[in-house]
Amino acid sequence: LGDDRGQSVEVADDFRASGLTHLLVVSGQNVAFVLALAGPGLRRTGLRTRFAVGVAVLVFFGLLTRWEPSVLRAVSMAAIALLADTLGRPVSGVRLLALAVTGLLLVDPLVASSVGFRLSVGACAGIALLAAPLTRALPGPRPLASALGVTLAAQLGVAPVLVPTFGTLPVVAIPANLLALPAAGPLSVWAMAAGLPAGAAGGTVARAVHVPTDLLLGWVAGVARVAATAPLGQLGAPHLLGLAAAVVVGVGLRRRALAAVAVVGVLVVASVPVVRPGALDGRPVSPGARVWRGGGATLMVVDGARSPAALLSGLRAAAVRRLDAVVVARPGRGAAGVVEPALHRYGPPLVLAPPGSPIPRATVPEVGTLVRVGSLTLRVVRAGPRRLDVEVSTVPAPPHR
């Protein structure tokens, strides 16, 4: 139903970093499951009644999910498909998508400003146009080639939206989707089917009924967590152009070996900045947070940051693998809520904060305190009850003797 109030910041960031965010939002798959559940009842009615009841089910589902842009696209396509089935006029997937998008834009042109809508349309267009030729061109067992072809097609479809909007596309998205998607479908089906009896029975019965749910959910979340930490880099516009050229060579010219070498080369180039990150000198990673890196150590100073999600995203974009020291310049519960997810994920051994700060494991330093991490030196210049000011400098490495 798209209720994400129980998601932690870390979980949402894991799915975002691994290219699995689509599993956390309502999309066409959810609409298909709802129609599948209503299918046995719909098949017992006439064509016109089936169409009317099917549209009513879609409208009710849209109301429950607050008409999110991706739901609008999926519901519109499903309604047009029901109409085509009622009239006995089969419609291709590309035509369904074109009619749905055109109708939605005529009704509400502002829906085009929604990133979720554009991503949903891009993924559908990629699958409709590229999944079949990619599957035919890929070697190996057909089930694996089909899954990889659909995943690649969807990623290529969303790339023109993701890269201009967010700057990059995670390399790990393709293997992460291949590992997570086989469990995502059964998870949704079983969880919805088991939810009603589990809710009615409660207690031990509910826990037993939802054992498969826990196992499938643990697998999907585990894939996202591991994939988010994989040092595979990000694909920018130049990398995507290289991959597009490889696809043209492999599919259009049927040079699979050359295309495979080109793809591997592009992925290696994209991963170099993560495997061997460069030095940072006070780089802003989010509003109110800066990072220094040198001598194999990383230090972060947080002063007024307000969004834990933006902080985690910025650290990932800066290829931060761990934090050796964190300075929280201002106390307060707001600061604790912003910094805690980063502390939990990157586990710095040293956290400095002003007196009275609710930051866990924080040390209150004195004025003049010097801290050396790698080739970085941190000096405390003020340590009042409301603020902690520090200076960070790069210390040159001592000469070899």
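Tutor: Begin with Pro170, which is buried at a relative accessible area of 12%. The model is a predicted one.

Student: Which element holds Pro170?
Tutor: Pro170 is buried, because its relative accessible area of 12% is under the 20% cut-off. Its place in the secondary structure is a strand covering residues 169–170. That strand is E1.

Student: Which residues does Pro170 touch, not counting residues up to four places away in sequence?
Tutor: A contact here requires heavy atoms within 4.5 Å. With residues up to four places away set aside, Pro170 touches Arg16, Ala17, Ser18, Gly19, Gly233 and Gln234.

Student: What is the separation of the C-alpha atoms of Pro170 and Ala17?
Tutor: Ala17 is among the residues that Pro170 touches. Along the chain the two are 153 residues apart. Their C-alpha atoms are separated by 6.7 Å.

Student: Which residues of H1 are buried, and what covers them?
Tutor: The buried residues of H1 are Ala12, Asp13, Asp14, Phe15 and Ala17. Their cover includes E1, H10, H13 and H14.

Student: Which residue follows H1, and what is its phi?
Tutor: Helix H1 covers residues 9–17. The residue named as following H1 is Gly19, with a positive phi. The value for Gly19 is near 75°.

Student: Is Gln155 buried or exposed?
Tutor: Gln155 lies in helix H7, residues 142–166. Its relative accessible area is 12%. The cut-off for a buried residue is under 20%. Gln155 therefore counts as buried.

Student: With which residues is Gln155 in contact, leaving aside neighbours within four places in sequence?
Tutor: Gly19, the residue that follows H1, is one of the contacts of Gln155.

Student: Why are the buried residues of H13 said to line one face of the helix?
Tutor: Helix H13 runs over residues 308–317, and its buried residues are Pro308, Leu311, Leu312, Gly314 and Leu315. Viewed down the axis of H13, these residues stay within a limited arc, so they line one face of the helix. That arc is 165°.

Student: What covers the buried residues of H13?
Tutor: H13 is itself part of the cover over the buried residues of H1. In turn, H1 is included in the cover over the buried residues of H13. Also included are strand E3 (280–286), strand E4 (289–294), strand E5 (297–302) and helix H14 (333–346).

Student: What is phi for Ala319, and how accessible is Ala319?
Tutor: Ala319 follows H13 and lies in the loop between H13 and strand E6 (325–328). Its phi is positive, near 60°, in a residue other than glycine. Ala319 is buried, with a relative accessible area of 12%.

Student: With which residues is Arg66 in contact, leaving aside neighbours within four places in sequence?
Tutor: Arg66 lies in the loop between H3 and H4. Its C-alpha atom is separated by 26 Å from that of Val94, 28 residues apart along the chain. With its neighbours within four places left aside, Arg66 is in contact with Leu1 and Gly2.

Student: What is the volume of the second largest pocket, and which residues are closest to its centre?
Tutor: The second largest pocket has a volume of about 1100 Å³. Its lining consists of 32 residues. The closest to the centre are Leu1, Gly2, Leu23, Asn30 and Ser188.

Student: Which helices each supply at least two residues of that lining, and how do the lining residues divide?
Tutor: The lining residues divide into 21 nonpolar, nine polar and two charged. The helices that each supply at least two residues are H1, H2 (28–42), H3 (47–64), H8 (173–201) and H10 (211–228).

Student: What share of the residues of the protein counts as buried?
Tutor: The protein comes to 14 helices and 10 strands. Its C-alpha trace spans about 85 × 60 × 45 Å along the principal axes. Of its 401 residues, the share that counts as buried is 39%.

Conventions: Residues are numbered from 1 along each chain as its sequence is written. This is a predicted model: local features need pLDDT of at least 70, side-chain atom pairs count only at pLDDT 80 or more; totals for chains, interfaces and linings use all residues. Side-chain values use heavy atoms; hydrogens and water are left out. On a 1 Å grid over the protein atoms alone, a cavity is a set of points where a 1.4 Å probe fits but cannot get out, and a pocket is an open set with protein on both sides within 12 Å along at least five of seven lines; lining residues have an atom within 4 Å of a point. Grid points are joined across faces, edges and corners, and a volume is the space filled by probe spheres set on the points. Helices (H or I, at least four residues) and strands (E, at least two) are DSSP runs, numbered from the N terminus. Ala, Val, Leu, Ile, Met, Phe, Trp, Tyr, Cys and Pro count as nonpolar, Asp, Glu, Lys and Arg as charged, and the others, Gly among them, as polar. Buried means under 20% relative accessible area, exposed over 50%, partly exposed in between (1.4 Å probe, protein chains only). The arc is that of the directions from the helix axis to the C-beta atoms.
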